[in-house]
Amino acid sequence: MLLITLSSSIFSKTNQSRNQLKKAKQDFEYVKNGADRLIGFTLASNLKGQPNEVRRIINEIASENDLGEIEVSFDSDKMFSTFTVDDIDQIIVFINQVNRKIGFNIRSLDYENSNKAASVTVEFEMVN
Amino acid sequence: MKNYFIHIDNDCKQAEIYSYHDLDSNHHASVGMAEIQSYIDPNSKVIAFLPSNMIRCVFSKKEISESEDQFQARFFSEHEDDLIKDVSKNRLMFSNEKNLALLVDKTIIDPLNELFNEFGCDVYIYPEHFLHQRLDEDTCLLIKGRYSFSFSDGLGFCAFRENFHDYIDLVKKERESFQPTFMVLEKTDEVEFKQSDSKIIAIESLHQDFLSHCEKNDLPSMFRSKITLKGTLRKMNLDRRDLILSLAIISCLLLAPILNIALMQNYKKSYEENTLSIFKELNPNFRRIVNSKAQMDQLLLAIDSNEAKPLDLNILGYLRAIPIDEIASSNIDFRNSKVILEFDRISSMKYSIIDTLIKQSNTKVIENNIENTDGTFSGSLVLEIESD
């Protein structure tokens with residue numbers, strides 16, 4: 001009887017803790033996402049009209065992710081980054097880091113496959 | 001499985017042990033009660049005999065409508081005058097099939113039950129006359145100086161040399177046809193009946209006979225099984241090391257969920273602290289979290305929602321589904337959820353795989369410019385990603 005009561009109490013406490021942890025994790029992720037958006041927006045606003053600084057950050061991201069040589073160009077409110085990749089995950093990591101560090105959103109992606117390597121051009125829009 | 005027969009002495013201080021296993025048999029005479037356990041292997045069958053003078057055998061019929069308690073109450077009220085000791089100091093066992101009740105003093109049977117429960121064996125305790133009971137025949141067995149009488153009707157008693165003749169006279173008065181078959185275990189001169197009237201019998205053969213008949217005879221055993229730690233450990237054949245290991249495992253099993261709860265609470269606290277630190281980084285004057293989602297939404301109101309949409313890269317997942325090496329080029333328009341895939345001379349098999357993958361995915365082909373030239377496929381596909 002004591003064992004059943006004890007097991008039932010532990011089971012209920014485990015469930016309660018699991019739900020609390022799930023909620024705390026969801027809240028944290030929501031807040032972190034929101035904070036990233038806020039920071040991105042602030043960064044994008046600050047970086048407006050500073051193409052050299054944007055180029056420096058993009059090159060830093062490329063080198064952190066072994067993307068090799070990366071070309072960065074601007075056209076009014078758009079920024080283009082061209083680089084070579086071995087797999088899709090490298091593209092996803094790059095886009096995420098650009099979004100997080102300078103707050104630019106992706107607009108389109110061009111992918112060219114040649115015999116040697118795959119070339120990717122990502123078009124970002126610079127938030128006003 | 002080993003079978004043990006234990007003949008307990010009249011003073012319940014010593015016993016004689018016989019063991020049988022396959023064709024092997026062993027005999028240990030005059031073993032102290034406390035030492036019996038060391039001669040018994042766990043998970044064996046143990047049949048213990050108490051001298052029949054310690055147990056009162058009475059015929060009594062239990063009515064079908066009667067519960068066990070009702071029967072006991074009626075039995076004790078009917079036999080109250082015959083009992084030397086207080087009713088509550090006796091233990092009653094009953095065989096439905098034989099309508100036979102056995103009554104024994106608790107001071108005798110309880111310590112025995114306690115001792116035998118520690119053996120970790122299948123134990124039965126019977127009155128000794130059950131060993132030489134014969135159908136339609138009165139028998140008397142001389143065993144360890146005791147004259148054990150078993151009557152043809154199933155009752156029995158045990159007398160000693162000094163009161164043997166008095167007892168015989170008494171029985172003959174009650175049972176006119178009383179003509180017991182006398183049995184001795186070995187030739188001896190010290191018997192109260194004529195040598196010519198007796199026959200020598202091996203106790204081993206009595207044991208084997210008893211073993212082969214006891215199960216179908218439904219004899220009332222006076223043993224009361226009880227779960228004891230010592231008995232269970234012996235049954236499981238656990239030595240000290242196994243016991244420590246088992247206790248450690250059980251402790252771990254009990255501690256694991258508690259540790260799990262503590263860990264989850266710790267992670268929860270860490271998430272809450274990190275959430276608070278994010279708010280404090282955004283606004284150093286931030287005091288406390290009431291509803292984190294609502295508080296963050298409040299902060300996000302400051303941004304034009306069209307300008308800073310959350311990044312959704314799910315669309316890139318479609319490139320994962322398609323073998324990327326087969327795509328000559330592609331264009332993904334994130335705003336309009338459109339994907340253009342170009343293929344250059346891929347085999348019909350590869351194209352059919354890609355076609356199947358596209359059909360299985362959450363996309364719609366809105367333009368198909370693929371041409372089949374000599375079994376190879378080239379051209380472009382325009383896909384629209386359907387919203388969930």
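**A helix and what covers it**

Modeller: In helix α3 (residues 106–116) of chain B, the residues Ile109(B), Leu112(B) and Phe116(B) are buried. Keep in mind that this is a predicted model.

Biologist: Within what arc do the buried residues of α3(B) fall, seen down its axis?

Modeller: Look down the axis of α3(B). The buried residues line one face of the helix, because they fall within an arc of 65 degrees.

Biologist: What covers the buried residues of α3(B)?

Modeller: Strands are part of the cover. It includes, in chain B, β4, β6 (90–95), β7 (100–105) and β8.

**The open sheet**

Biologist: In what order do the 3 strands of the open sheet in chain B run?

Modeller: The pairing in this sheet is antiparallel. The edge strands are β5 (55–59) and β6 of chain B, since each pairs on one side only. The order is β5-β7-β6.

Biologist: What angle does the direction of α3(B) make with that of β7(B)?

Modeller: α3(B) packs on the sheet and touches β6 and β7 of chain B. Its direction makes an angle with that of β7(B) of about 90 degrees.

Biologist: Why is strand β4 (residues 45–50) of chain B largely enclosed by the rest of the structure?

Modeller: A residue is buried if 20 or more other C-beta atoms lie within 10 Å of its own. β4(B) is largely enclosed because of its count of buried residues, 5 of the 6.

Biologist: Which residue in β8(B) stands opposite Ala48(B)?

Modeller: β4(B) runs parallel to strand β1 (residues 3–8) of chain B, joined by 5 bridges. There, Phe5(B) stands opposite Ile47(B). β4(B) is also joined, by 6 bridges and again parallel, to strand β8 (residues 122–127) of chain B. The residue in β8(B) opposite Ala48(B) is Ile125(B).

Biologist: How many of the 5 residues of strand β10 (residues 146–150) of chain B are buried?

Modeller: β10(B) is largely enclosed by the rest of the structure. The number of buried residues is 4.

Biologist: Which residue in the hairpin of β9(B) and β10(B) takes a positive phi?

Modeller: Strand β9 (residues 139–143) of chain B pairs with β10(B) in the antiparallel sense over 5 bridges. Leu141(B) stands opposite Ser148(B). The hairpin has 2 residues between the strands. The positive phi, near 50 degrees, belongs to Lys144(B).

Biologist: What is the bridge partner of Tyr147(B) in β11(B)?

Modeller: β10(B) also pairs with strand β11 (residues 156–160) of chain B, antiparallel over 5 bridges. Their hairpin has 5 residues between them, and Gly154(B) in the turn has a positive phi of about 110 degrees. The bridge partner of Tyr147(B) is Ala159(B).

**A leucine in α5(B)**

Biologist: Does Leu206(B) count as buried or partly exposed?

Modeller: Leu206(B) lies in helix α5 (residues 203–217) of chain B. Its contacts beyond four places in sequence are Leu131(B), His132(B) and Ile201(B). Its C-alpha atom and that of His132(B), 74 residues apart along the chain, are separated by 6.7 Å. Leu206(B) has 18 C-beta neighbours inside 10 Å, so it counts as partly exposed.

**Where the chains meet**

Biologist: Which element supplies the largest share of the side of chain B that touches chain A?

Modeller: The contact takes 41 residues from chain B and 39 residues from chain A. The chain B side divides into 24 nonpolar, 8 polar and 9 charged residues. The largest share is 15 residues, and it comes from α7(B).

Biologist: Which residue in β14(B) is the bridge partner of Asp110(A)?

Modeller: Strand β3 (residues 105–113) of chain A pairs with β14(B) in the antiparallel sense over 5 bridges. The bridge partner of Asp110(A) is Asn331(B).

Definitions and conventions. Residues numbered from 1 in each chain as written. Chains lettered and ligands numbered in written order. Predicted model: local features only at pLDDT ≥ 70, side-chain atom pairs only at ≥ 80, totals over all residues. Contact = placed C-beta atoms within 7 Å. Nonpolar A, V, L, I, M, F, W, Y, C, P; charged D, E, K, R; others polar. Pairing = 2+ DSSP bridges. Buried ≥ 20, exposed ≤ 12 C-beta atoms within 10 Å, placed from the backbone. Arc of directions from axis to C-beta. Axes fitted to C-alpha atoms, helices over the stretch in contact; angles between N-to-C directions.
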